[in-house]
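Trainee: I would like a close look at a single part of this model. Please keep it brisk.

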Amino acid sequence: MGLQPKNVLITGANRGLGLELVKQFLRLPSPPKTLLATCRSPENAKDLNDIAAKHSNVKVMKLDVAQHTSFENFPKLVESFIEGEGLNLLINNAGINIRHGLVEADNESMMESYTTNVIGPLLTVQALLPYIKQAAISSTDTSLNCNRAAIVNMSSILASIAENQNGGLYPYRTSKAALNMLTKNMNLDLKSEGILCFCIHPGWVQTDMGGPNAAVTKDKSIAGILDVMSKMNGETSDIFVDYNGKSLPW
């Protein structure tokens, strides 16, 4: 069948991997009917706004996942766009990478990382869960997959405790490890309701966050991620994988 969710929401969609996700979803043989692309400052998201001007199914929305007040009217606005059909796929992509070591890490950098990388995805899921459940219930498909109802959290191999051989990066590593636990909990709590939850490592990607010397291009990373999404299912697949579909250790 391939990847063809009807209604999709992507956080942090104004640049980097988020913007590339928007571009490649639009290039699918069956693009989403509604693609909700959120960012902190839509008025400054020129590239995203240019895409939305050319594609009527793309809706640019304001959302700062690090500010709980940003969620107050957000669910109702989402509901107005999806028109009672439910939200099939939520991609929690928004995040920050504060690269402090043992000496530099402080209360501010740790809390900022945890707020954005862990609490932000949690609040986003809580705000949109009724619509994700609606998608799961209304689907004629009874299997777990990204076309029916799914939550995908953008994680990192740097969150892996088993693979950590170098230390450092305290705010980023620990917050992404917490995101992995959040994902595991959601997977267990929502599987019985027909909702697939997993986290994915996009690779070391050439973005503002990854830097110009990174090993993987945005195009290759996101193409891989979409392919993984098309194949993931709750019965047979691991829930911490990379953009090639390789299972990663916690």
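Which residue in β4 is the bridge partner of Leu9?

Mentor: Leu90 is the bridge partner of Leu9 in β4. First, the ground rules. This is a predicted model: local features need pLDDT of at least 70, side-chain atom pairs count only at pLDDT 80 or more, and totals for chains, interfaces and linings use all residues. Residues are numbered from 1 along each chain as its sequence is written, and side-chain values use heavy atoms, without hydrogens and water.

Now β1, residues 7–10. Strands here are DSSP runs of E, at least two residues; helices are runs of H or I, at least four residues; both are numbered from the N terminus. In a regular strand, side chains alternate between the two faces of the sheet. In β1, Asn7 and Leu9 sit on one side, Val8 and Ile10 on the other. All four are buried (under 20% relative accessible area, 1.4 Å probe, protein chains only).

β1 pairs with β4 (residues 89–92) in the parallel sense, over three bridges. Pairing requires at least two DSSP bridges between two strands. β1 also runs parallel to β2 (residues 34–39), joined by four bridges. There, Leu9 has Leu36 as its bridge partner.

Gln24 belongs to α1. Gln24 counts as buried because its relative accessible area is 8%. Its side chain makes a polar contact of 2.8 Å with that of Glu20 (N or O atoms within 3.5 Å, one able to donate a hydrogen and the other to accept it; residues adjacent in sequence count only if both atoms are side-chain atoms).

Note on methods:
Buried means under 20% relative accessible area, exposed over 50%, partly exposed in between (1.4 Å probe, protein chains only).
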